[in-house]
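Hi,

Here's the structure I promised to pass on.

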Amino acid sequence: MQTGRAVTAPAALTDSLLGATERAALSAIFAERVRFDEPLAPHTSWKIGGPADAFALVENTAELAALMRYVFKRKLPWFVLGSGSNLLIGDGGIRGVVIRLGGEFARIEFLESAPGEVLARAGASASLALFTAQAASRGAEGVGSIAGIPGSVGGALRMNAGTDREIGEFVVEVRVQSPSRPEPRAVGVQYFYRHTSLAHDAIVADVTLRFAAADPGVVREEMQARLVRRKRTQPLQLPNAGSCFRNPPNDKAGRLIEAVEAKGWREGGAEVSPLHANFIVNHGTATAADVATLLARVRRAVAERFGVELELEVHFVGVFA
Ligand SMILES: Cc1cc2nc3c(=O)[nH]c(=O)nc-3n(C[C@H](O)[C@H](O)[C@H](O)COP(=O)(O)OP(=O)(O)OC[C@H]3O[C@@H](n4cnc5c(N)ncnc54)[C@H](O)[C@@H]3O)c2cc1C
């Protein structure tokens, strides 16, 4: 979470940091597009997480700049939520302002490009699934490697999401906004395995991507085959957040977890998926505490047996008991 100041811990786990003045100011900017004490579980793929003090739907760069100025001036903590497909939000929720981009940020445009290329600009809140489907229809070679990953373009950029190839490989420009520099500007980004050099307080506004052009039929077919494989190998019927741990160098987290026979381990409503060992599924009643306990148990078992400290791929955010 991005915080502008040390926050005095509220008395109870979910006590709001926002007083009447802050609530009135946020309502003046966003009207009905800001909600207070909003439960976050429905906004995540795990369906887990306590309330946000404020949950603001921001529809364009001017509104985002206004909000950035406000949180900067008031030193309010904030967090930008994409589609919530890589997050474990604490049962105590998130203090301060949770920002959800929408409106103009969902735009996808295909731009004029050099022969043999497909050039596109996608807003941060555009669905990656929609983007990859449209890009495949235009013959964007390699787009299949980022297809089937749930989430938004902004979240994918932050995570450098991918499979055998990652989104960073195709990026030509990233525009961001931040509290100290609220107007959109282009920044250079370096890409690593499931993370990037993007500043912690930078909110991605949009991303321009370039692909080599290939036969759209072939690209679509390859993408379809990957989607079918995902359905077969991932427990998509139950809420989850994809792979919980990053793969260690030259190995697979899933293989190590399977080897310690963790498949089927349970904690409350959370279970290590019997289908894919690196997934934890929510049977409906799982809390963030259940998932955190299960993750710690798996991590300990792998460390004891193999001496490998698994690193989390999912981001822990907010207040945990
Ligand atoms: C079934 C399933 C399969 C998955 N398969 C894969 C896979 O194959 N490969 C892979 O890499 N991942 C995979 N994931 C994980 C996840 O989908 C990706 O990490 C995805 O890119 C996260 O995007 P999001 O919009 O949901 O981001 P969120 O989960 O909402 O946020 C993730 C991080 O990005 C930050 N963020 C979000 N939007 C912005 C923005 N506009 N600007 C700056 N920061 C932002 C958030 O603050 C947070 O730190 C899978 C998840 C699921 C549930």
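**What I found**

Let's start with Glu-22, which sits in helix 1 (residues 20–30); helices here are DSSP runs of H or I with at least four residues, strands are runs of E with at least two, and both are numbered from the N terminus. Before going on: this is a predicted model, where local features need pLDDT of at least 70 and side-chain atom pairs count only at pLDDT 80 or more, while totals for chains, interfaces and linings use all residues. Residues are numbered from 1 along each chain as its sequence is written, and side-chain values use heavy atoms, with hydrogens and water left out.

Is Glu-22 buried or exposed? Glu-22 is buried, because its relative accessible area is 11% (buried means under 20%, exposed over 50%, partly exposed in between, with a 1.4 Å probe and protein chains only). A polar atom of the Glu-22 side chain is 2.8 Å from the backbone nitrogen of Gly-19. That's a polar contact: a pair of N or O atoms within 3.5 Å, where within protein one must be able to donate a hydrogen and the other to accept it, and residues adjacent in sequence count only if both atoms are side-chain atoms. Leaving aside neighbours within four places in sequence, Glu-22 is also in contact with Tyr-70, Arg-74 and Leu-76 (contact means heavy atoms within 4.5 Å).

**Around the ligand**

Now for the ligand: 36 residues surround it, and the closest are Val-80, Gly-82, Ser-85, Ser-152 and Arg-230 (a residue is near if one of its heavy atoms lies within 4 Å). By class, this shell has 16 nonpolar, 16 polar and four charged residues. Here Ala, Val, Leu, Ile, Met, Phe, Trp, Tyr, Cys and Pro count as nonpolar, Asp, Glu, Lys and Arg as charged, and the others, Gly among them, as polar. Which element gives the most to the shell? Helix 4 does, with five residues.

Arg-158 has one 3.3 Å from a nitrogen atom of the ligand. For Arg-194, an N or O atom in the side chain is 3.1 Å from a ligand oxygen, and for Arg-230 a polar side-chain atom lies 2.7 Å from an oxygen atom of the ligand. Taken alone, the ligand exposes 970 Å², and the protein buries 94% of that (areas come from the Shrake-Rupley method with a 1.4 Å probe; for residues, only the protein chains shown count as cover).

You'll find Arg-194 in the loop between strand 10 (191–192) and strand 11 (195–196), with a positive phi of about 60 degrees although it is not a glycine. Arg-194 counts as buried because its relative accessible area is 10%.

Next, helix 3 (residues 128–137) and helix 5 (residues 216–233): their axes come within 7 Å and cross at roughly 145 degrees. Axes are lines fitted to C-alpha atoms, for helices over the stretch in contact, and angles run from 0 to 180 degrees between N-to-C directions. On the helix 3 side you have Thr-132, Ala-133, Ala-136 and Ser-137, which meet Pro-216, Val-219, Arg-220 and Met-223 in helix 5. This contact has five nonpolar, two polar and one charged residues.

Enjoy exploring!
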